[in-house]
Amino acid sequence: MHGIESLPGRFPVFPLTGALLLPGGNLPLNIFEPRYLQMVRDAMQTDGVIGMIQPSAEAGPDGGPPLYRTGCAGRINNFRETEDGRFLITLTGIARFDVAEELSVTTPYRQVLADFDRWRHDLQPEPPADALRGDLLAALRGFFERHEIEADWSTIETAPLAGLVTSLAMICPFEPNEKQAVLEARDLNAQASLLTALMQMSATAGAVETSVRH
C-alpha cells in the first residue's frame, strides 16, 4: 500500500449493525446470504476490497436502510468455503472512508463511491501516547468485571497499545452508536480516550444498578 490514491474509489459495502472494522484490525465474517456470497466472489475477482459500514436506521419502505456517513475499507486476506456453501473470510482494515455517493447498481449488493481524504493518516497512524495506558487498563478491568469477561491480563498489560486499542474497540460489546463514535474518532489517541470513557460509564452504570437492586 503506497498511498491513499492506490485504494479503489468504488467498492461494495457490507452494512452490518454492531460490526466494527478499524485500520489494522482483522474482522472474521461468516457469509451466507446469496447477495453477499456474490459480493465476495466479485470482490475476489478485482481488488479484494469490501467496505464495512453500519446502517444508521432501520430499513424504510423504499429499500435498504440508510448508512452512516463513515465506514472502513478492508481487504480479504483469508478465505474458506464450507461444505454447506458459506464463505468464512477475514477482512483486514485498511483505511476509513466517507460515503461520497451510494451508486445505483444492478448488483444484489450495495456499492459506494468513497472519499478517503479525511482519513489519509490511517495508512501511517501515529501510535497512541503510552500515558493513556494506565487509565485504559483500569477502565478495562471494571468493564470486564461488569460483563463477566475472562481475560489474560499478562498478555493485555504487555500488548502494544495501538493494537490493544484497535482490538478492544472491535471486540467489546458496545452499542452500535458507541462503536460508530469510536470509528469516527480522529486517531488512536482519541479512540483510546473514548474507549476509556465508554468503559468507565459502563462500569459506573453497573454499580448504580447493583446498588438500586440491593
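**View 1. The largest pocket of this predicted model holds about 250 Å³ of space.** A pocket here is an open set of points on a 1 Å grid over the protein atoms alone, with protein on both sides within 12 Å along at least five of seven lines, and its lining residues have an atom within 4 Å of a point. The volume is the space filled by probe spheres set on the points, which are joined across faces, edges and corners. Of the 14 lining residues, Phe14, Pro15, Glu33, Arg35 and Tyr36 lie nearest the centre of the largest pocket. This is a predicted model, in which local features need pLDDT of at least 70 and side-chain atom pairs count only at pLDDT 80 or more, while totals for chains, interfaces and linings use all residues. Residues are numbered from 1 along each chain as its sequence is written, and side-chain values use heavy atoms, with hydrogens and water left out.

**View 2. Glycine 9 contacts Val112, Leu113 and Ala114, leaving aside its neighbours within four places in sequence.** The C-alpha atoms of glycine 9 and threonine 155, which are 146 residues apart along the chain, are separated by 38 Å. Glycine 9 is partly exposed, with a relative accessible area of 40%, where partly exposed lies between buried, under 20%, and exposed, over 50%, using a 1.4 Å probe and protein chains only.

Terms used
Contact means heavy atoms within 4.5 Å. On a 1 Å grid over the protein atoms alone, a cavity is a set of points where a 1.4 Å probe fits but cannot get out, and a pocket is an open set with protein on both sides within 12 Å along at least five of seven lines; lining residues have an atom within 4 Å of a point.
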